[in-house]
Amino acid sequence: MTEFSADQIEDFKEAFGLFDRVGDGKVAYNQIADIMRALGQNPTNKDVKTILGNPSTDDMANKRIDFDTFMPMMKTVDALQKGTYDDYVEGLRVFDKEGNGKVMGTELRIVLSTLGERMSEPEVDSLMQGQEDENGSVNYESFVKNILSV
């Protein structure tokens, strides 16, 4: 398991505190994924639910945890296998029918909204903003670089 530096832990505490809307030193289960992503992790919603013990929808909205309970979860997420730039480019290359480094934006939108961890239409729109050229094509290497830089 990853050990975090004192500076990292202090950053984690600060970010965790920003999500504490009640002021009791705790955050709701449904905020955990957002906190982890704010701290540079990229867990799937399924990963987060598993780490939280597969809580009900009601528990996601109403149960709260403190920072000391959150830290082991953060270590677990940090240890998860992460996709690399090359992994994502290879995954998109499958849709490059002409072998020109581009995929159709409409096809990419369908993939993002129907495969794997499905994205909502507003999420897809946000991700695709400014990515399509005048022909509706997306340079997938640039697309992946853009996503990984966020």
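How close do the axes of helix α6 (residues 85-93) and helix α9 (residues 140-149) come, and at what angle do they cross? They come within 9 Å and cross at roughly 140°. Keep in mind that this is a predicted model, where local features need pLDDT of at least 70, side-chain atom pairs count only at pLDDT 80 or more, and totals for chains, interfaces and linings use all residues. Residues are numbered from 1 along each chain as its sequence is written, and side-chain values use heavy atoms, leaving out hydrogens and water.

**α6 and α9**
- Tyr85, Tyr88, Val89, Leu92 and Arg93 of α6 are in contact with α9 residues, including Tyr140, Phe143 and Leu148 (contact means heavy atoms within 4.5 Å).

**Helix α1**
- Helix α1 covers residues 6-18 and reaches 19 Å from its first C-alpha to its last, close to the 18 Å expected at 1.5 Å a residue (1.5 Å times one less than its number of residues).
- Phe12, Ala15 and Phe16 are buried in α1 (under 20% relative accessible area, 1.4 Å probe, protein chains only).
- Seen down the axis of α1, its buried residues fall within an arc of 100°, so they line one face of the helix.
- On the other side of α1, Ala6, Asp7, Glu14 and Leu18 are exposed (over 50%).

**α1 and α5**
- The axes of α1 and α5 come within 11 Å and cross at roughly 120°.
- The contact uses Ile9, Phe12, Lys13 and Phe16 of α1, plus Phe67, Phe70, Met71 and Met74 of α5.

Terms used: Helices (H or I, at least four residues) and strands (E, at least two) are DSSP runs, numbered from the N terminus. The arc is that of the directions from the helix axis to the C-beta atoms. Axes are lines fitted to C-alpha atoms, for helices over the stretch in contact, and angles run from 0 to 180 degrees between N-to-C directions.
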